[in-house]
Amino acid sequence: MIRTTHKMRANRNAYHVIDNGVAADDVMPAAPSAFALADKDENLRRCIISNQSLPKSSLLRLVLSPENILTPDITEKLPGRSIWITPNAHILALADKQLVKKAQKIYQTKVSIASPLAPFITKALQYHITQLLSLMRRAGQVLQGKDKITIWLKNKKNSDKKAFLLAMKPISSLHDGQKIIKLAQTSNIEIIEGLPEQIACDSFNRANVSFLLAIDGGLMRKLQPLINKYLLMNDADNEHIVIK
């Protein structure tokens, strides 16, 4: 039987799940380390389903709430013993059948999960990405609008700065954005496709957003692993897409 510690009782509300599948009090993401593939053993975790050891940035953390519900901890700041899972459709399909049994052996108590797990986690990731982009907008660390992005890309003072361009629609459909795409390619700026446009629209309170330019900074380094996990969740080939 697992004891509920004073810390867990104090943080009980942090586990409460709102309708879109995220912790109600968990809006501001925690500060993970700079995004990079791990090269030290302590940065590796084992997927409970595949048994494969991978960098933390490639895995999703789950913790057991005081109500014994396995809760996705997208920002990795909820208290409690962790289990980790690979965020792709194949693994999560297996998890719907295997996770409860495996988790009960680890926690030595009866547990439950939101099933199916994949859409639950996808909504949670969307929520946290939207919240973080909103913070970046207020901090001036993400640009929206062709003119602002073009000016930043053309400014030679920014040539040494790290950034990446989010194409919120398939590049093939962005006929009016080819200039920005070419500028980004010339500047060796990574172009990332795959995020739903609604995330950008909600972050900027706009009806239509084609591009966002995320600029180097602490918030961008928090955004990168969230985007990677979302792309893994929604990549048809289940390939590991990594923003470097």
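**A friendly note on this predicted model**

1. Let us start with the chain as a whole. Of its 244 residues, 47% are buried. Please keep in mind that the model is predicted. The chain holds seven helices and 10 strands, and its accessible surface comes to about 12,700 Å², with 49% of that belonging to carbon and sulfur atoms.

2. Next, look at how the chain folds back on itself. Take the contacts between residues at least 6 apart in sequence: 70% of these join residues at least 24 apart.

3. Now find the open sheet made of four strands, which run in the order E7-E10-E8-E9 with mixed pairing. Strand E7 (142-144) and strand E9 (190-193) are at the edges; each has a single partner strand, so one side of each lacks a neighbour in the sheet. From one strand to the next, the twist averages 25°.

4. Strand E8 (residues 163-167) pairs with strand E10 (residues 211-215) in the antiparallel sense, over five bridges. Which residue in E10 is the bridge partner of Leu166? That partner is Leu212. Helix H5 (residues 178-186) packs on the sheet, where it touches E8, E9 and E10. The direction of H5 makes about 130° with that of E9.

5. Helix H6 (residues 197-204) deserves a look too. Its buried residues are Ile199, Ala200, Cys201, Ser203 and Phe204. What do the buried residues of H6 pack against? They pack against helix H3 (117-139), E7 and E10. Just after H6 comes Asn205, which takes a positive phi of about 55°.

6. Then turn to the largest nonpolar core, which has 50 residues; Leu70, Ile85 and Leu99 touch the most other members. Several elements give two or more residues to this core, among them strand E3 (60-64), strand E5 (82-85), helix H2 (89-107) and helix H7 (218-234).

7. Beyond its neighbours within four places in sequence, Leu70 is in contact with residues including Leu62, Val63, Leu64, Ile83 and Leu99. Ala103, Tyr107, Val111, Ser112 and Ile113 are also among the contacts of Leu70.

Technical notes
Residues numbered from 1 in each chain as written. Predicted model: local features only at pLDDT ≥ 70, side-chain atom pairs only at ≥ 80, totals over all residues. Heavy atoms only, no water. Pairing = 2+ DSSP bridges. Axes fitted to C-alpha atoms, helices over the stretch in contact; angles between N-to-C directions. Contact = heavy atoms within 4.5 Å. Buried < 20%, exposed > 50% of the residue type's maximum accessible area, 1.4 Å probe, protein only. Core = buried A, V, L, I, M, F, W, Y, C linked by side-chain atoms within 4.5 Å. Areas by Shrake-Rupley, 256 points an atom, 1.4 Å probe, with all protein chains shown as cover.
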